[in-house]
Amino acid sequence: MRGEALFDALSKADVYDLGQAYWPAMPVHPFDPPFQFFLYRYHEYVRKSFDEMGIEPGFSDAISLVVTSMHSGTHFDAPIHMSQDNKVMGIDVTPYQRDTGFTHLPEPLHSMEKVPPLVLRGVLLDIPAYKGVDLLPERYAITAADLEGAAARQGVTIGAGDCVLVRTGYGRFFETDRDTYLNKWAGLADDAAHWIVARKPRLVGIDNLSLGVPAPFASHRIILVEAGIYVMKSLTLEALAAAGRHVSTVVVLPLKIKGGEASLVRPIAIA
């Protein structure tokens, strides 16, 4: 009965897709390799081969190939993705790096195969709505006061273990305006990053390519490297914000990549 009751509740809820699409020439960080997608096998050629080999005449398949970094589009970062003076959470990570990934990491550090499926209370902080605009100004640095004000306006609080979702409005440009998305985004000021860390969430997500403004890596250092809090980037939060769903259940299922520091991901919010 418990399973049936859960299914009944979920069937009545709305599901919001927080992930962006992936395609060749999509916007990626300028330091990163491009996302590449190839159709490796075509139906007509496979059918010809299958016919010649006597394998299920008339049958065929298509198979694609992806070449990418794990930081293309919507993705999930573990703390070992970045470091300060080669240290993550005070631990020197250089002895644990291999060409095939990280290995034998000491606790609390871990690679992607040890990240569990995450089902978290999600709290959306809609900063443009708090500021009375549809989109934050170019390169706007979100302050701790902005986060505090948005939370108060929405009547929400952030608890330990939550997923904090920060909307800047720039997610809308991911597919339509590459230059704006890559170069003009709004993000977290350092005091905003510290404000988030003080509330001890398990995961922080944002709808831009890089957390921080004006220094793109400062927020990474504060949230990811020093506090060990997971990060998601390049989300789409427009539908969730438009529906006024400031509290939801966020589900994130990263790939179990052994030795990996990150994963492509398609998160959802249920509300």
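Biologist: Which strands each supply at least two residues of the nonpolar patch?

Modeller: Good place to start, and keep in mind that this is a predicted model. The strands are β2 (36-41) and β3 (63-67). The patch itself consists of F38, Y40, I63, L65 and V67, and its area is about 470 Å².

Biologist: Which strand gives the most to that nonpolar patch?

Modeller: That is β3, with 3 residues. Take L65, which sits in strand β3.

Biologist: Why does L65 count as partly exposed?

Modeller: Partly exposed covers the range between the buried limit of 20% and the exposed limit of 50%. L65 has a relative accessible area of 40%, so it is partly exposed.

Biologist: How many Å separate the C-alpha atoms of P57 and R139?

Modeller: They are separated by 59 Å, and the two residues are 82 apart along the chain.

Biologist: And D85: what is the phi of this residue?

Modeller: The phi of D85 is near 55°, again a positive value in a residue other than glycine. You will find D85 in the loop between β4 (75-77) and β5 (87-88). Its relative accessibility is 64%, so D85 counts as exposed.

Biologist: Now the peptide bonds. Which residues does a cis peptide bond join, with omega of about 5°?

Modeller: Check omega along the backbone and you reach E107 and P108, joined by a cis peptide bond. P108 lies in the loop between β8 (101-102) and β9 (118-126). Another cis peptide bond joins V213 and P214, where omega is about 0°. P214 sits in the loop between β13 (203-206) and α7 (218-226).

Biologist: How should I read the pattern of buried residues along a helix?

Modeller: The general idea is that an α-helix has 3.6 residues a turn, so residues three or four places apart point the same way. In α4 (residues 144-154), the buried residues are A144, D146, L147, G149, A150, A151 and Q154.

Biologist: What covers the buried residues of α4?

Modeller: The cover includes β9, α3 (127-131), β10 (141-142) and α6 (190-198). Just after α4 comes G155, with a positive phi of about 70°.

Biologist: Next, the sheet. What is the strand order in the open sheet of 9 strands?

Modeller: Reading across, the order is β1-β17-β15-β9-β11-β13-β14-β4-β16, and the pairing is mixed. The edge strands, β1 (15-17) and β16 (262-264), each pair on one side only. On average, neighbouring strands of this sheet are turned by 25° against each other, direction ignored.

Biologist: Where should I look for examples of both kinds of pairing?

Modeller: For the parallel kind, follow β9 to β11, joined by 5 bridges; D126 has R167 in β11 as its bridge partner. β11 also pairs with β13 in the parallel sense, over 4 bridges, and here V166 stands opposite I206 in β13. For the antiparallel kind, go to β4 and β14 (residues 230-233), which pair over 3 bridges. There, H75 has K233 in β14 as its bridge partner.

Biologist: Is strand β11 mostly covered or mostly exposed?

Modeller: Mostly covered: in β11 (residues 163-167), 5 of its 5 residues are buried.

Biologist: Which residues of β11 point one way, and which the other way?

Modeller: The general idea is that in a regular strand the side chains alternate between the two faces of the sheet. In β11, C163, L165 and R167 point one way, while V164 and V166 point the other way. All of these are buried.

Notes
Residues numbered from 1 in each chain as written. Predicted model: local features only at pLDDT ≥ 70, side-chain atom pairs only at ≥ 80, totals over all residues. Heavy atoms only, no water. Patch = residues over 30% accessible without salt bridge, like charges linked within 9 Å, V, L, I, M, F, W, Y side chains within 5 Å. Areas by Shrake-Rupley, 256 points an atom, 1.4 Å probe, with all protein chains shown as cover. Salt bridge = Lys/Arg side-chain N within 4 Å of Asp/Glu carboxyl O. Buried < 20%, exposed > 50% of the residue type's maximum accessible area, 1.4 Å probe, protein only. Contact = heavy atoms within 4.5 Å. Pairing = 2+ DSSP bridges. Axes fitted to C-alpha atoms, helices over the stretch in contact; angles between N-to-C directions.
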